[in-house]
Amino acid sequence: MVGRRTFFFDGLGVSDGIAIGPAYVVESQGAPSEGYQLSDDEVEQEIERFKKAVQMAKDEIRAIGRQVAEKIDHQQAAIFDAHLMMLDDPVIIEPTIDRIRDEKSNAESIFWAVTKGLGEQLRTLDEYFSERNHDLYDVARRVIKFLTQLTDASTHVMPREGCIIVAHDLGPTETAQLSREHVLGFCTNEGGPTSHTAIMAKALALPAVVGLEYVTHYIRSGDMIIMDGTEGKLILNPSLHQIEFYRRKADDYRSLRLSLVELRDEPAVTTDGTRVNLYANIEFPEELDAVIENGAEGIGLFRTEFLYLSDGGPAGESDHLREYQEVLTRMGDKPVVLRTMDVGGDKIAANDYSVPELNPFMGLRAIRLCLKNQDIFRSQLRAMLLAGAGRDIQIMLPMISSIDEVRASRQILDELMTQLGKNGHDLPTNVRLGAMIEIPSAALQAHVLAKEVDFFSIGTNDLVQYTLAVDRVNKSVAHLYRPAHPAVLGLLKYVTDSARNAGIPVSVCGEMAADPRYAILLAGLGIRSLSMGPSSIGVVKRAIRTIAIAEAKSLAQEVLTLSSTEEVEAHLHRRLEKLFAKPVSPVAAPEVRAPGNSA
């Protein structure tokens, strides 16, 4: 019981916007009730009941996909193709049927146990797979709904007036079905920034905050709440003063979005004429529509991991070639940076590469895996070279930790170009090889690496994690993930200076680039190319166009003299709050934080 006291919660803002209204708490319908035993005669009937539920779930998912394609676009609807693949995956279906037959237990309890076991395995992998865990549970809940006649969040009867959904978790299919007429936004205990639920919330323009841990323990249906999807904050039982403040902030946000549309075709130029190039990060070719619609000047990071994560095993060379050609062709003469795969052998379906590891984050992954298994590396590079025939291409190597890895990669690249040329293939007019700087050893050796590569791209997500030894998706330590840490800023400065001294370009493709405050700081440090999710380009462009480069440089010089993260963040706040004409955090009212909240 929290009474009428005001409580503040900090989570992860995954979809911008402000929502103010009554909460509507959706009870979790995850695990079914306890299992029950079947007689011998009932086993095959139970298997048929399970198959029928799977088919009904697939039919419903297809219908949701069609609705999303009609109301939003085909890019977002593609999320549900992955859900359908899960329900065709023998790793999920066959063990369930086998266990129903062997254990003579009911389908919902067995299916939940199978998916829960797979989910626990996904949680031990990296952030990408941890986020896919939510898709797995979303699919499982949908099948169990048909087995048990439970309801999901999207089919709850909502109040007539607008409400904010509060739930333990929401899957992308449930999010896609939320009524924009009745739902102002949603917040959940679980979830992460790269989940399909977050992607769907952005597509629906539905403010959302996830990762609030135990927020469902404190909020009841009907409680007044404010949710800030931009800052990742939630206020329970706000004061009238706070409600008024956030209403003004919501008005400002709507005005901002309208102004960003007008900037789409304008360059990101500071008030004193310095150009900062803004590129997009993508994971799938289907995202190209969003890249173009948001006015990106090119692709600063094309992640190719999806080609290795198919249930049927890694894609063949022809599949790679087709995907790269599509991206290069659609982007025309705009630059595209193709990053070689950044996954570990434990994630590639082909067992030849599987290596049990206690700590896969620091194990055989990315460039290490490629150099150890050169057949997959050569196949990918060959496809990139063929796709880039007749044009300039940029190939980037992830997780570089030493100069030896760069030299070995370039030797393989040169060999492939020679072989392809001898075989009569058309080749790119120019191939630029770059290094992703995301490990402290690479950052500290930037002056050496800069002489061996044609460009740098700083992956700040991993650079911050490895520098501070913090797993940002580990709730116990995620609050220690602080891009403004002086050690991180020092490395950014050193890498930028090393690139400039060597005469090579340097960009940032981590999440710091997508935050307007950090984008200005990065520009002040000398970085002239930023790559981010397509939806962030507008707000970063607006920030760049609001400041003089001299002012950004002054800001960077000031924060580099500070000795603590708190000092850096406070200084950024003071200098940039006026610039953006809005506070970074709520005003007034004494804060009473929820017990156990990690923020």
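How many of the six residues of β5 are buried?

Modeller: Five of the six, so to speak a mostly covered strand. Buried here stands for under 20% relative accessible area, exposed for over 50%, and partly exposed for anything in between (1.4 Å probe, protein chains only). Strands (E, at least two residues) and helices (H or I, at least four) are DSSP runs, numbered from the N terminus. A bit of housekeeping: this is a predicted model, in which local features need pLDDT of at least 70 and side-chain atom pairs count only at pLDDT 80 or more, while totals for chains, interfaces and linings use all residues. Residues are numbered from 1 along each chain as its sequence is written, and side-chain values use heavy atoms, with hydrogens and water left out.

Back to β5. It has β4 (residues 163–167) as a parallel partner over five bridges, where two strands count as paired if DSSP finds at least two bridges between them. Within that pairing, I165 has F186 of β5 as its bridge partner.

Now zoom out to the whole sheet. It's an open one of eight strands, running β1-β8-β7-β3-β4-β5-β6-β2 with mixed pairing. The edges belong to β1 (7–10) and β2 (12–15); each has a single partner strand, so one side of each has no neighbour in the sheet. On average, neighbouring strands are turned by 30° against each other, direction ignored. Helix α7 (residues 196–203) packs on this sheet and touches β2, β5 (183–188) and β6 (208–210), contact being heavy atoms within 4.5 Å. The direction of α7 makes about 55° with that of β2; axes are lines fitted to C-alpha atoms, for helices over the stretch in contact, and angles run from 0 to 180 degrees between N-to-C directions.

Elsewhere in the sheet, β3 (residues 18–26) and β7 (residues 224–228) run antiparallel, paired over five bridges. In that pairing I20 sits opposite I226 of β7.

Most residues other than glycine have a negative phi. E213, in the loop between β6 and β7, has a positive phi of about 60° without being a glycine, and at 12% relative accessibility E213 is buried. N237, in the loop between β8 (233–236) and α8 (240–262), also goes positive, with phi near 55°; N237 is buried as well, at 2%.

A salt bridge is a Lys or Arg side-chain nitrogen within 4 Å of an Asp or Glu carboxyl oxygen, and the count comes to 33. One of them joins E60 and R142, at 2.5 Å from N to O. E60 is in helix α1 (residues 43–71) and R142 in helix α5 (residues 127–148), so the pair ties together parts 82 residues apart in sequence. Both of these residues are buried. Another is R365 with D462, with the closest N and O atoms 3.9 Å apart; both R365 and D462 are buried too. These two also belong to a salt-bridge network with E305, R339 and D342.
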